[in-house]
Amino acid sequence: MLPDFAGDPATRYNGPAQDWQDMTGEDDNQFRAARLDKLGQLKALGVDPYPYAFARSAEAGVLEERYADLAPDSVTADRVAVAGRVRAMRNGGMFIDLHDSSGKIQIFSDKKLLSEQQLAVVRLLDLGDIIGVEGIVRRTRRGELTVNATEVAVLAKALLPLPEKYHGLADVETRYRQRYLDLIVNEDSRAVLRQRSRIIASIRRRLVERGFLEVETPMLQAIPGGAAAKPFITHHNALDIDLYLRISPELFLKRLLVGGLSDKLFEINRNFRNEGISPRHNPEFTLLELYQAYVDYEAMMEMTEHLVTEAALTAGSTTRIVYGGKAIELAAPWRRAPMAALVLEHTGIDFLAIDSAAVARAAARRLGIELADTADWGHALYAVFNTRVESLLIEPIHVTGFPREISPLTKTDRNDPRLTERFESFINGWEIANAYSELNDPQEQLVRFQAQMRERELGDEDAQRLDADFVTALEHGMPPAGGLGIGIDRLVMLLTDSPSIRDVIAFPTLRPKG
RNA sequence: GAGCCCGUAGCUCAGCCGGUAGAGCACUUGACUUUUAAUCAAGGGGUCGCGGGUUCGAAUCCCGCCGGGCUCACCA
């Protein structure tokens, strides 16, 4: 059923109406009420609790380094201005732990240095407030680097309390729904998302170094192509047409290759697949996709190893990682093995010796694998690989020899017409990369699309759709090329030892709370 | 979509062979100018996810629903 886009514009986009009229109403919450009272007192003192800016001169982490050699119980003449969130107060506000994104600095509220008005402000502070402090750097007798406050400014009064200061926030649902709380109190969560950013920066840097051009292609597509997956449907009002959120950027990146925008291009961006959610699947996920003209898929193996090992070195110090207690060595070169050989190794079935779809189906079914009666040789082989082999591929491996039937955008294997020049790279049993010698023969591409359309008609909703405009683009000539896709979220999971894809996505998809 | 598990104060958790709710942190008030999970004293705070059932009595047992987690299916 299509969503109904008619109706009241005010309620069109956000689902059930929010109780927006009551949001600033009565205080049902003792913590908020107490803080609102303090907010009023601050204003009565002439303090703006939400000022525009603060002239910060130093971050906590920088001070920690700069004064590493400052002896305990010594005072400098250095005046600094720091800012951050109040995370702890001791002795009635005399000592404050101020956290910024670089670390922690202690604030000392000295009666002798602060005015009566300033001391009153300090008394009105709460845990969670964002403040700015100017003062003198010293190290206490107990060795804590400290700023002796001469000025204390409220930069943002917090009206709600933070989670428990010692145990942090453990409830996974709250961690995902209110990620900001998770980030404030859980250092590990901050670390993972920072690592994500560094890993993506590493990939982008390596590609740019190698002469790749970063591009952007449509998220909204009239024909969702480039992958086998169920798309999200949306609607454009002015054109009055349904559009799909892309499941892959592939067909558009290839159009740019046809156009010669660059012989080396890449995109790092979101894709959307309307499928199940699991610890390894989020409906929107980030994919690196790159194309390099005049090379084949062998070059993509080297590229995969390069990007993954460089990312690992960015996230850690070696190519040896530990995921879920398992040590995995990512150093190149990775093992390479054909799919059929792996299936033979793990099941004893030699699909390459099977020459009919019926025999292939029977072989797969003997292993307990369910297959439609229309399943062909390639689907049977892949089903066996998928269910019996994939999860065993812990150490990095490039699996080659993908069947033609499941690889409609890939050049046929130059030595075996049943196969294609495609590989997927697996680490920890997960597909991390998918790469081809890209099919650039427009007539064969059309035949492949037509085979996909027949599969759709036989009931395979995920079979790829014919994109006639893409075939036309190929008719204008696309250079031979290698193409590669790497799942960024899973790569970040591996490199940060994160058990769930939700841990590496700041705002994972959740059911809206009723 | 199926199975299993979970939902108690703002947070972290205890209580669960049925007798009507507790701790620590946080909060409020007070003490404290060299603390750092500060400490000490006093106090406030709960439709025990929601609804129904069984029962003299339900946080506790049963059913349904909502939300979440894991596994499986889906993701060729």
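What pLDDT does chain A average? The answer is 92, and 94% of the residues score at least 70; pLDDT is the predictor's confidence in each residue, from 0 to 100. This is a predicted model, so to speak of local features a pLDDT of at least 70 is needed, side-chain atom pairs count only at pLDDT 80 or more, and totals for chains, interfaces and linings use all residues. Residues are numbered from 1 along each chain as its sequence is written, chains are lettered from A and ligands numbered from 1 in the order in which they are written, and side-chain values use heavy atoms, with hydrogens and water left out.

The predictor also gives the complex an ipTM of 0.93 and a pTM of 0.93. One stretch calls for care: over residues 1-18 pLDDT stays under 50, and the model has seven contacts there beyond four places in sequence, a contact being heavy atoms within 4.5 Å. Where pLDDT is low, the predicted coordinates should not be read in detail.

Now for the overall build. Chain A has 15 helices and 20 strands; these are DSSP runs numbered from the N terminus, with helices (H or I) of at least four residues and strands (E) of at least two. The C-alpha trace spans about 90 × 60 × 45 Å along its principal axes. Of the 514 residues, 48% count as buried, meaning under 20% relative accessible area, with exposed over 50% and partly exposed in between (1.4 Å probe, protein chains only). Among contacts with a separation of 6 or more, 67% link residues 24 or more positions apart.

Next, have a look at helix α8 (residues 250-259). Which of its residues are buried? They are E250, L251, L253, K254, R255 and L257. Their cover includes strands β10 (264-272), β11, β19 (430-437) and β20 (481-487), along with helices α13 (442-457) and α14 (468-475). After α8 comes G260, with a positive phi near 70 degrees.

Strand β11 (residues 284-293) is also where you'll find T286. T286 is buried, with a relative accessible area of 8%. Leaving aside residues up to four places away in sequence, T286 touches R196, I268, N269, R270, I486, G487, I488 and D489.

Finally, the aromatics. The structure holds eight aromatic pairs, where rings of Phe, Tyr and Trp (its six-membered ring) pair if their centres lie within 6.5 Å, and planes under 30 degrees apart count as stacked, over 60 as edge-to-face and the rest as tilted. One of the pairs is Y382 with F385, which is tilted at 6.2 Å centre to centre and 45 degrees between the planes. Y382 and F385 are three residues apart in helix α12 (residues 377-388), so about one helical turn separates them. An α-helix has 3.6 residues a turn, so residues three or four places apart point the same way.

F385 is buried, at 0% relative accessible area, and also pairs with F426, edge-to-face, with 5.6 Å between centres and 75 degrees between planes. Because F385 lies in helix α12 and F426 in strand β18 (residues 422-427), this pair ties together parts 41 residues apart in sequence. F426 is buried too, at 0% relative accessibility.
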